[in-house]
Amino acid sequence: MTLRFENIGIRNWGSLSPLGHTAEQIVEAYRNGESALVRKTFDDQEFWVGSLEDSTEKIVSQIRDENRNYERLDRSVLLALYASRQAASVLTEESRKECGVFIGSSRGATETWEREHERFLTHEQQKTHPLTSPLTTLGNLSYWVAQDLRSQHYNSSLSITCSTSLHALVNACMWLQNGEGKYFLAGGSEAALTPFTMAQMKAIKALQTDTTQEFPCQSMVWDKTQNTMVLGEGAAMALLERNPEPENVLAYVKQIGVARESIDGHTSIDRDGQGLYEAMKAATDGIPLNEIDAVVLHAPGTKAGDLAERTAIERLFGPEIPALTSNKWKIGHTFGASGMLSLEMAVNILSEQYFIQNPLYSCNLTGPINRILVNAIGFGGNAISVLIQRNWEKLHGN
């Protein structure tokens, strides 16, 4: 399915991740070419993870402390609050009231779920905290963000595994395209670095176990002999605007392709990348393929997943494939937030006109960078590809 959009711009951005929590930190982190992954212990077992660095962690703690109602909020909500505040910082008080919210997470209130379930199992009367239910509903992501924003527009949370945040983008763009508002926040938040989540990923043998690698997540290393996925955490939110003033636009969302692979297993990742092929084909429908300058891959660092995406790209583009890159080698796989953090990377490339290389994959990109595809796919085979481009004036050299 091809979704086309007219004059929907990315007005502003907000995020926090292992890259940092300010635009300056993020640009610098991408330029230094170093992995941000570290070793951490969960239930006496060490894993590679992409966790927030100290100054960013301090920001999260400050948000928790600023309001008594925030004290028990799940970490995923706190991350979302910060990213949303950043993205909405350019709006007036009146515009915030009219700004809608679409935000998602693959795992949701993971820390709270695990803590309260452990309490339930160990309490002699199997009691839980009275706020367990409201604090673990998926909806608490969007309604706390909307409350913090003082929005009176529509807000909703969603979960579509690892392509969640880009599906939030789809929903927001569709509402704007239909004239239902001027502004929407869209994005994802994930805070799933928890013992039970690590155990789940270990059980499916997806995680990197080699402790000696300079780059633990071997994203886009096509001939690797074992899975090397590393889990990360973070949140990213885009402020979308319908019919924006061009000078305010970071990039335009032009087309989005969505597709689904046939479910023939629990992960539903076809070895030929059929879902991603269909999604990229839809996202580029009507666009000359030689005008796609780069692709930001999903590339989680697994053997099958990385190769399937590469196969899909080669099938679509033939021998003249665009420049390819990814960010999971640097920050890990942030599940439902990963698509939006990849989109952030693409927006930075367009804004800075500086191609962010994956040091594990060499490619050459010269000349202006005008159009970039961003891919995501998750369990269930939900594939999505987003085509963004520079604003019209820059694109046409005016």
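**Reading the labels of a predicted model**

Modeller: K205 sits in the loop between α9 and β8. This is a predicted model, and the values discussed here are computed from it.

Colleague: Why is K205 called exposed?

Modeller: The relative accessible area of K205 is 63%. The label "exposed" requires a value over 50%, so K205, at 63%, is exposed.

Colleague: Which value of phi does N243 have, and where does N243 lie?

Modeller: N243, which is also a residue other than glycine, has a positive phi near 55°. Its loop is the one between β9 (234–242) and β10 (251–260).

Colleague: What makes N243 partly exposed?

Modeller: The relative accessibility of N243 is 41%. Buried means under 20% and exposed means over 50%, with partly exposed in between; therefore 41% makes N243 partly exposed.

Colleague: Why is S84 called buried?

Modeller: S84, in helix α3 (residues 75–87), has a relative accessible area of 4%. Leaving aside neighbours within four places in sequence, S84 is in contact with V145, L185 and M237.

Colleague: Are C162 and C217 buried or exposed?

Modeller: C162 has a relative accessible area of 8%, and C217 has a relative accessibility of 0%. Because both values are under 20%, C162 and C217 count as buried.

Colleague: How do you know that β3 and β4 pair?

Modeller: Five bridges join β3 to strand β4 (residues 45–50). Pairing requires at least two bridges, so five bridges are enough for β3 and β4 to count as paired.

Colleague: Why are β3 and β8 called the edges of their sheet?

Modeller: The open sheet has three strands in the order β3-β4-β8, with mixed pairing. β3 (38–42) and β8 (231–232) each have a single partner strand, so one side of each is left without a neighbour in the sheet. Helix α9 (residues 195–203) lies across β3, β4 and β8 and runs at about 95° to β4.

Colleague: What makes β9 a partner of both β2 and β7?

Modeller: β2 and β9 share eight bridges in the antiparallel sense, and strand β7 (residues 183–190) also pairs with β9 over eight antiparallel bridges. At least two bridges are required, so both pairs qualify. Within them, L16 stands opposite A235 in β9, and E190 has G234 of β9 as its bridge partner. β9 is mostly covered, with eight of its nine residues buried.

Colleague: Which element gives the most to the lining of the second largest pocket?

Modeller: That element is α13, with five residues. The pocket holds about 300 Å³ of space. Of its 16 lining residues, the closest to the centre are N12, W13, A23, L250 and N348. β2 (8–16), α1 (23–32) and α13 (338–352) each supply at least two residues of the lining.

How values were computed: Residues numbered from 1 in each chain as written. Predicted model: local features only at pLDDT ≥ 70, side-chain atom pairs only at ≥ 80, totals over all residues. Heavy atoms only, no water. Buried < 20%, exposed > 50% of the residue type's maximum accessible area, 1.4 Å probe, protein only. Helix = DSSP H or I, 4+ residues; strand = E, 2+ residues; numbered from the N terminus. Contact = heavy atoms within 4.5 Å. Axes fitted to C-alpha atoms, helices over the stretch in contact; angles between N-to-C directions. 1 Å grid on protein atoms, 1.4 Å probe; cavity = no way out; pocket = protein on both sides within 12 Å on 5 of 7 lines; lining within 4 Å. Points joined across faces, edges and corners; volume = space filled by probe spheres on them.
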